[in-house]
Amino acid sequence: MPRKEQGWVTFQTSEDERKILEEFCEQSQRTKTEILRELVRSLNQHSSAPISPPTHQEEEDIYAQKPEIESSIQKKSLKVSSRNILKGVVKRVVYGAVNSEVTLEIIHKVQLTSIITRASAEELELSEGKEAYAVIKSNDIVIARE
């Protein structure tokens, strides 16, 4: 029976991911819950050290701690489901109070401009001359002529 301060976490996985987790459980002789708890705990450690089973005292300490979120988490490159990804160079960033206008040059004299939040532009550290990607997701492409 779960402790009062514990909660349930559910998530969907692919068949392959489920098999990987089950094989790891079998090899390490640990339950899925033990492995997933350890994985969550390791998010604050920022290391790729091997996961070892927690001692009884460590488990007690974990339940007494409050999670801390650090802003220095290393970010990994992302895979994107969109098929329209264009690499370019930042030509201009105009910061507004809330939004920013970002212009990328995809190839010589071919530019795309996007309006994104100022917070996103700052987080991406966009500035002239840096490489960036335009990711285009659209259900409709409208073509017109005079």
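Which residue is the bridge partner of Thr-103 in S3? The legends below, written for a predicted model, lead to the answer.

View 1. Starting at the N terminus, the order of the elements is α-α-α-β-β-β-α-β. The protein contains 146 residues, and buried residues account for 13% of them. When contacts between residues at least 6 apart in sequence are considered, 42% of them join residues at least 24 apart.

**View 2. Strands S1 and S2 run antiparallel.** Strand S1 covers residues 84–95, and strand S2 covers residues 99–107. Six bridges hold the place where these two strands are joined. Within this pair, Val-93 lies opposite Val-102 of S2. The chain passes from S1 to S2 by a hairpin of three residues.

**View 3. Strand S2 also pairs with strand S3.** Strand S3 comprises residues 110–117, and its pairing with S2 is antiparallel, with eight bridges. Here the opening question is settled: Thr-113 in S3 is the bridge partner of Thr-103.

**View 4. A hairpin with two residues between the strands links S2 and S3.** Which residue of this hairpin takes a positive phi? It is Lys-109, whose phi is near 70 degrees.

Note on methods:
Residues are numbered from 1 along each chain as its sequence is written. This is a predicted model: local features need pLDDT of at least 70, side-chain atom pairs count only at pLDDT 80 or more; totals for chains, interfaces and linings use all residues. Side-chain values use heavy atoms; hydrogens and water are left out. Two strands pair if DSSP finds at least two bridges between them. Helices (H or I, at least four residues) and strands (E, at least two) are DSSP runs, numbered from the N terminus. Buried means under 20% relative accessible area, exposed over 50%, partly exposed in between (1.4 Å probe, protein chains only). Contact means heavy atoms within 4.5 Å.
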